[in-house]
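This note reviews one structure in numbered points. Please read it alongside the sequence and coordinates.

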Amino acid sequence: MQRNRKKIITRYLVYAVELLFVYALEQILASRLGFCGLYLFLLIPVFVGISLFECENTGMFFGILTGILIDYGYGSGIGIWAVFFCIVGYFLGVLSNYVVRANILIEIFVSAFLILIVYSFRTFFKLWDFSTFVIVWKEDFWKYLLASASIFVPAFYFNRAISYRFGGDEEIVE
Amino acid sequence: MRSFFKSAPFKLILTVVTVLLLVLLYTKIFPDNNFIENGISYITVQFQRGMAWLFDKSGDYMHVFREKEELQSENEILQREISRLRDKTIDYYNLKEENKSLKNLYGMKEKDDSLKFVRSDVIGKSDTLDSSNFIIDRGSDDGISVGDAVITDKGFVGSVCKVSACSSYVRTILSADCKVGVIGVESREEGVLMGNLNFSKDGLTRMAFISAQSPIKNGEIIVTGGIGGMYPKNLKIGKVTKTSYDEHDSFYYAVVEPFQNIKELKSVYVINDFENKGKIEILNSSDTEK
């Protein structure tokens, strides 16, 4: 029991450091690769990878952490994306625990969908003009999505490895 | 469905969401220097500083992998540049002497001693759309406040728009939300520097609200006006590349190419104090009549 608790705490710490590391990487890549006009959404695929291998409450917790980092990175008030990712984290936990087994296709589909939502909302509320939004969206979104897709697979397998190495939530019950 | 709304998970989600909405409300009421963002900034800035350091260090070693031909052609260009600069140095000393005498003649002040700077590194980007806006690793703990001017050795690049304890968000002159009073050094034409999404992509900005018969010319240098007391006077910004008319917003504007390439910034200086900070300059009657 003691060993299990130690494993769980280690696992959660690894996830937290992983999210902070990826957040810093996302920010620095965006600021240093400004000449490419790219913005890589790295935090979202990593969050999806974590949530797919954890229970719903853990998914919710790391959803809040991801949302707070996104809110903080954008300089908007803390809470908007935290609420959104909290709910998404919960349902991803439910999905992978009770509906389908976590697999790479879910990671790709959910990550792409969440990037679409985050990018579209941010862009639309910044522009407040639908026609300009459509032009900007068509021009930039696919570029950003394809660049961000580079981390979908590593995020999935890395988090799966962490989950297996430090045990799943089933062990807590025992 | 009814049982779900009575279940423990639903109550947990509801509690968490309520707490987060209260946090959101708090951060909206106190947007600057609130303890929540300060706490987050203390943790994230350490990671971002480390990442920036690693990124810059790795960049220094990347040149080793460049192609030999590329280095040779670069060497040739640099040799030509050295020769050209030698010629310029001779001109420089002649001009320096002439300038010295002119300065003495007009009693111009050589340097503004009242300026106080804080050096900081660029550690992130704050917006996907306004690709020029960025985050720096200094905040209110270092004496930075909202509205402080941000410069580099090449000129004015923007101003601080949001502050946490150890990080700040900078809105650059390429941003559509930027509004800075500026002036043309030769024509004395006044205008407002405000970015535009289309120009921003090419690293350009624009000086809006210039008059229809503006005497402003291509190549004219644009500096800060300093009238509102927000920024020091005469901080160089860029040069005019063309003048045009905005049919959508109905005003004349000049396209300005900043001296500093804003999208490739690694470190900046924040002016947190200067003489006449916060003092609004009132035009005298003769100026008003003009």
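1. A salt bridge is taken here as a side-chain nitrogen of Lys or Arg within 4 Å of a carboxyl oxygen of Asp or Glu. This is a predicted model, in which local features need pLDDT of at least 70 and side-chain atom pairs count only at pLDDT 80 or more, while totals for chains, interfaces and linings use all residues. Residues are numbered from 1 along each chain as its sequence is written, chains are lettered from A and ligands numbered from 1 in the order in which they are written, and side-chain values use heavy atoms, with hydrogens and water left out.

2. In chain B, the side chains of E37(B) and K162(B) form a salt bridge (3.1 Å, N to O). Helices (H or I, at least four residues) and strands (E, at least two) are DSSP runs numbered from the N terminus. E37(B) belongs to helix 3 of chain B and K162(B) to strand 4 (residues 155–163) of chain B, 125 residues apart. With buried meaning under 20% relative accessible area, exposed over 50% and partly exposed in between (1.4 Å probe, protein chains only), E37(B) is buried at 2% and K162(B) is buried at 9%.

3. In chain A, E54(A) and R11(A) are joined by a salt bridge (2.8 Å, N to O). E54(A) sits in the loop between helix 2 (43–52) and helix 3 (56–74) of chain A and R11(A) in helix 1 (residues 2–32) of chain A, so the pair ties together parts that are 43 residues apart in sequence. E54(A) is buried, at 1% relative accessibility, as is R11(A), at 0%.

4. A further salt bridge joins K217(B) to E186(B), with the closest N and O atoms 4.0 Å apart. K217(B) is partly exposed, at 49%, whereas E186(B) is exposed, at 54%.

5. As for the interface, 44 residues of chain B are in contact (heavy atoms within 4.5 Å) with 44 residues of chain A. No salt bridges are counted between chain B and chain A. The elements giving two or more residues to the side of chain B that touches chain A are helix 2 (8–29), helix 3 (35–62), strand 1 (116–125) and helix 5 (197–201) of chain B. Helix 3 of chain B provides the largest share, 12 residues.

6. Helix 6 (residues 130–148) of chain A deserves a comment. The buried residues of helix 6 of chain A include F133(A), W137(A) and D140(A). Their cover includes helix 5 (104–127) and helix 7 (152–165) of chain A together with helix 5 of chain B.
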